[in-house]
Amino acid sequence: NWQRFVKELTPQSIEAMGSYFERWLPEPITGRTFLDIGSGSGLSSLVAFQRGARVTSFDLDPRSVDATMRLRTVADAPDEWTVLQGSILDATFLEGLDLFDIVLAWGVLHHTGDLWRAVRNSADRVGPGGLLWIAVYRKGYRSGRSLRLKQRYNRTPDLLKPAFRALYASPELAKMALKRDFSPVRHYANERGMNWWRDLEDWLGGLPYEVASPEQVHDALRPLGFVLERMEIGEGDGGNDIYLYRRVA
């Protein structure tokens, strides 16, 4: 999915993700160190590098590592951008990493199978005064239904998965058709540079699947010396709550 996304990537998507960074991060990142946990397509890493950060990206999935490497190649394979394969749950791997000024784990930690260990391990990579920027699926009354839907999708034979995705998307597309307004799909990339269809496939395929309330996230990070700087509540079924924490120096 992320390899396909990279092939379809447009300059407008890169610009949109850049704008998203500028809206969320309180200060310029030029010259700062940036860790992208679960880099996926590599788009966030690319944007961080373009804004002058010294970037380290890693992902457990070799195809995602491949996608990130493709974008690094597009950026002329700079020494200031390192791409690795590894897991946020692997203590030995993490010990080989430095502390970072900014640690990003957007929509990743809830897919590890051990959300709270992943949160703690991510927090451990943040240096004094640094930022932890994470997005975690919101806990709600539909969480159980979402898990069952994802399990059904992942059990579906690959040849039938496109039909499953089309069926899942059909109610939303029907609403747009009735209104004669497909702007939610056309302008979807304006928020973070993502692709509506690629995100839909990513959401359905995303297992393991865990959720958390804001209170649970706060309770996990406050004892580690983090203070919340900004938060945004996710919208819709399976939405991400987005958090920006700073580690007290």
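Me: Why does Asp79 count as exposed?
Reply: Asp79 has 74% relative accessibility, so it falls in the exposed class (buried is under 20% relative accessible area, exposed over 50%, partly exposed in between, with a 1.4 Å probe and protein chains only). The model is predicted, so local features need pLDDT of at least 70 and side-chain atom pairs pLDDT 80 or more, while totals for chains, interfaces and linings use all residues. Residues are numbered from 1 along each chain as its sequence is written, and side-chain values use heavy atoms, without hydrogens and water.

Me: Where does Asp79 lie?
Reply: Asp79 is in the loop between helix 4 (62-74) and strand 3 (81-85) (helices, H or I with at least four residues, and strands, E with at least two, are DSSP runs numbered from the N terminus). Its C-alpha atom is separated by 9.3 Å from that of Val55, 24 residues apart along the chain.

Me: What makes helix 3 largely enclosed by the rest of the structure?
Reply: Six of the eight residues of helix 3 are buried, so the rest of the structure largely encloses it. The buried residues are Leu43, Ser44, Ser45, Leu46, Val47 and Ala48. After helix 3 comes Gly52, with a positive phi near 95°.

Me: What makes strand 1 mostly covered?
Reply: Strand 1 (residues 33-37) has five of its five residues buried. In a regular strand, side chains alternate between the two faces of the sheet. Here Thr33, Leu35 and Ile37 are buried on one side, and Phe34 and Asp36 are buried on the other.

Me: How many bridges link strand 1 to strand 2, and how many to strand 4?
Reply: Strand 1 pairs with strand 2 (residues 54-59) in the parallel sense over five bridges, and three bridges join strand 1 to strand 4 (residues 100-106), also running parallel. Thr33 has Arg54 of strand 2 as its bridge partner, and Leu35 stands opposite Val103 in strand 4.

Me: Why are helix 7 and helix 11 called roughly perpendicular?
Reply: The axes of helix 7 (residues 143-155) and helix 11 (residues 196-205) cross at roughly 100° and come within 7 Å (axes are lines fitted to C-alpha atoms, for helices over the stretch in contact, with angles from 0 to 180 degrees between N-to-C directions). The two helices are therefore roughly perpendicular (under 35 degrees is roughly parallel, over 145 roughly antiparallel, 65 to 115 roughly perpendicular, the rest oblique).

Note on methods:
Pairing = 2+ DSSP bridges.
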